[in-house]
Amino acid sequence: MSAKGKVRVTSFFSSVYESRAPKVSVFLCFLISLHCFPLISTRVFGQTSPVFACDATKNPEVTSYDFCNASLGIESRVADLVQRLTLQEKILFIVSGAGSVSRLGIPKYEWWSEALHGVSNVGPGTKFSSLVPGATSFPQVILTAGSFNTTLFEAIGRVVSTEARAMYNVGLAGLTYWSPNINIFRDPRWGRGQETPGEDPLLTSKYGSSYVKGLQQSDGGDPSRLKVAACCKHYTAYDLDNWKGVDRYHFNAVVTQQDMDDTFQPPFKSCVIDGNVASVMCSYNQVNGKPTCADPDLLAGVVRGQWKLNGYIVSDCDSVEVFYKSQHYTKTPEEAAAKAILAGLDLNCGSFLGQHTEAAVKAGLLNESAIDNAVTNNFATLMRLGFFDGDPSKQLYGKLGPKDVCTPEHQELAREAARQGIVLLKNSAGSLPLSPTAIQTLAVIGPNANVTKTMIGNYEGIPCKYTTPLQGLTASAATTYLPGCSNVACGTAQVDDAKKLAASADATVLVMGIDQSLERESFDRVDLVLPGQQPLLITEVAKAAKGPVILVIMSGGGFDISFAKNNDKITSILWVGYPGEAGGAAIADVIFGYYNPSGRLPMTWYPQSYVDKVPMTNMNMRPDPSSGYPGRTYRFYTGETIYTFGDGLSYSKFSHQLVKAPQLVSIPLEEDHVCRSSECKSVDAIEQSCKNLAFDIHLRVQNKGRNSGSHTVFLFSTPPSVHNSPRKHLLGFEKVLLTGKSEPLVRFKVDVCKDLSVVDERGSRKVSLGQHVLHVGSLKHSLNVRI
């Protein structure tokens, strides 16, 4: 989303706990309970009731309108409304700040609200006030994705939609939320990778459809009704913001059909088909020379035609104006308006269509019927939300209010989500977990050790409260604290003071990493090393430390931390993403062993040499040996890694045993099929060959330790090497809770044409014939697919 026109209610966070000054603070924690930062929000006065149409108390005539009759079908209600509107009135409803038609009892409505990881006040549709000063702020998506727990993804969505409805009922929020971001985290430098579920199409698809279900599914049991309307963005092949002078407003993503169909499109397809999302947002960039918001093949053809979107297509903010003014795709603004609407765009975030659509109709570039189609999709979404059903207090969610925001249960879920996502990357014997009784003093050092707002990333709201890492740790041990650097850029580190602290403490926790100053929307990184003197500070502290040294990395993207990985004095490494409002408590839960870590990396961490030879603008996923291009993500990358997708340790040891899996799968083909008479490397994954073609895999998972713990079971496949297929790809994952010494059975159902197929060079799905290797942990099983 563009930074243009953002409306924010900001707050400043200050307290005795947080200090930018280079001094040592000592906390005697046994006397300190877990206090949280007070939040100061800008008060918003005014409306305390929801915005809705068909209010019979204000206009009794509305009771005679079919579009206000909730007992009629949505289609006939929308048709009744559209035929009552003039062209000028219709145009009011194809922009995000929709106008009012008072003669019909329709008020203004603001479509733009955000709920990436909690109700957000980015975007003008949502505000906080003294009535609702904050909402539950979950971890940034990249960390939640590391839980690999689809049940959790949906549960977070349910909480967010409950809080959104509660805020809507007191006039503080809308009903349409432009979340989630399901772009693929293709390049580690991308400033918005933090908003996504990572680099894998299957994980991203599962996250997107699960979170959307949590947001949208109505408790009334009617699938046509929406709790709130979600939006999957940014369609498509969007994963560059501003890198070395190349920005998203001018970037043309050159993408092969193969990469489009096996990497960039699957999450959007799943979001529409599996998640039944109410909206898709087209992106700023061009794909193969066409702006996505002006491409009829991508919008009308694929999203609405092939995938059957039940909802509306919205532009990223001002992106119609961008393809006219910045990309010079059309000569006139009227042509731009016409191209966007004819391509299938229904709603413009911004005002461009409001200014130029009528002129486009008058110039003959556009028929009014195309505008009818657009407003029909927009109104149908609002109908499904109950916006035209009269007083919301008499509807399903009418009793929700401020008491339902920031409940203890919601805040506990934020802490649990952070715990489940945190990834233990290194753990030497005798390091973690720390014993709260054995640790008399704990040195806590680092620019992210006592931060608040850093923990909630971007597209954030105002949280219920904060627990910083320092506060979380101080609840279990006496701490001494030093920022070590004045900020994450760490121009000058307080090396000597930090060494003294570490030398006298029983253990040292270094909380390092970055924040939005170094990765964010409109700002991509140019390297993968920790900034400034952070590596020096880490190395010197480790050298001087008396006890175990735990390095905590707070960030969205990964780093080349090989210096720490290979340093025996650094005994443990944790990646904690941006862990949300309860991040500090969750970090302490893992460090002190109250929670057994189970997170796994949702993206690969590359060495610095990767960015030296791979331009961010190269969209190719697959390696090119002739040029030395190494490819991207664990599915295709051929080079060295620091850590790879799926890495992560636990305080328990787990083993896998194969109980059931076939060794041979036969694909039924008709007698005269060409592959019966000539040798084929693959066959089309088409319906008649694929019906009921599935098999079960059963695995026994054993927890060999005494501690209970969750474990993610990954099922990967390495297909035969035809069609430039992936080196390996994820077929499925299951999160299981294992008590000490338990041995549950985990089952996977493998659909041959869906799961074992690959996309060929033309974008067609094929099942490769020959030997497929299935991987679970260190276990490998060969499977022969033949005709």
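Here is a short chat about this predicted model.

Reader: Let's start inside. Which residues have the most contacts inside the largest nonpolar core?

Author: That core is made up of 129 residues. Helix H4, covering residues 150–168, gives the largest share of it, 10 residues. Apart from it lies another core of 88 residues, with Trp-190 and Trp-605 among them. Back in the largest core, the residues with the most contacts are Trp-178 and Phe-388.

Reader: What is the strand order in the open sheet of three strands?
Author: Start from the edges: strand E4 (232–235) and strand E11 (312–315) each have a single partner strand, so one side of each is left without a neighbour in the sheet. Strand E8 (residues 279–282) pairs with E11 in the parallel sense, over four bridges. The order is therefore E4-E8-E11.

Reader: Which residue in E11 stands opposite Ser-279?
Author: Look along strand E8, which spans residues 279–282 and pairs with E11. Opposite Ser-279 you'll find Tyr-312.

Reader: Which helix packs on that sheet, and what angle does its direction make with that of E4?
Author: The sheet itself has a twist averaging 25 degrees from one strand to the next. Helix H7 (residues 266–273) packs on it and touches E4 and E8. The angle between the directions of H7 and E4 is about 145 degrees.

Reader: Which residue has its backbone oxygen 3.1 Å from a polar atom of the Ser-652 side chain?
Author: Leaving aside neighbours within four places in sequence, Ser-652 is in contact with Asn-596, Asn-703 and Asn-707. Asn-596 is 56 residues away along the chain, yet its C-alpha atom and that of Ser-652 are separated by 7.7 Å. The backbone oxygen you're asking about belongs to Asn-707.

Reader: On to the cysteines. What is the handedness of the disulfide between Cys-54 and Cys-68?
Author: This is one of eight disulfides in the structure, and its sulfur atoms are 2.0 Å apart. Both cysteines lie in the loop between strand E1 (25–27) and helix H1 (74–83), so the pair ties together parts that are 14 residues apart in sequence. Cys-54 and Cys-68 are both buried. The torsion about their S-S bond is about -75 degrees, so the disulfide is left-handed.

Reader: How many residues apart are Cys-406 and Cys-464?
Author: Their sulfur atoms are 2.1 Å apart and form a disulfide. Cys-406 is in the loop between helix H12 (368–384) and helix H13 (408–421), while Cys-464 is in the loop between strand E13 (442–445) and helix H14 (469–474). The pair links distant parts of the chain, with a separation of 58 residues.

Reader: Which helices hold Cys-690 and Cys-753?
Author: These two form a disulfide with sulfur atoms 1.9 Å apart, and both are buried. Their pairing ties together parts that are 63 residues apart in sequence, because Cys-690 lies in H22 (residues 687–690) and Cys-753 in H23 (residues 752–755). So the helices are H22 and H23.

Reader: Which cysteine sulfur is nearest to that of Cys-231?
Author: Cys-231 counts as buried, at 0% relative accessibility. A disulfide needs sulfur atoms within 2.5 Å. Cys-231 is in no disulfide, and the nearest cysteine sulfur is 6.8 Å away, that of Cys-232.

Methods:
Residues are numbered from 1 along each chain as its sequence is written. This is a predicted model: local features need pLDDT of at least 70, side-chain atom pairs count only at pLDDT 80 or more; totals for chains, interfaces and linings use all residues. Side-chain values use heavy atoms; hydrogens and water are left out. A nonpolar core is a set of buried Ala, Val, Leu, Ile, Met, Phe, Trp, Tyr and Cys residues joined through side-chain atoms within 4.5 Å. Buried means under 20% relative accessible area, exposed over 50%, partly exposed in between (1.4 Å probe, protein chains only). Helices (H or I, at least four residues) and strands (E, at least two) are DSSP runs, numbered from the N terminus. Two strands pair if DSSP finds at least two bridges between them. Axes are lines fitted to C-alpha atoms, for helices over the stretch in contact, and angles run from 0 to 180 degrees between N-to-C directions. Contact means heavy atoms within 4.5 Å. A polar contact is a pair of N or O atoms within 3.5 Å; within protein, one must be able to donate a hydrogen and the other to accept it, and residues adjacent in sequence count only if both atoms are side-chain atoms.
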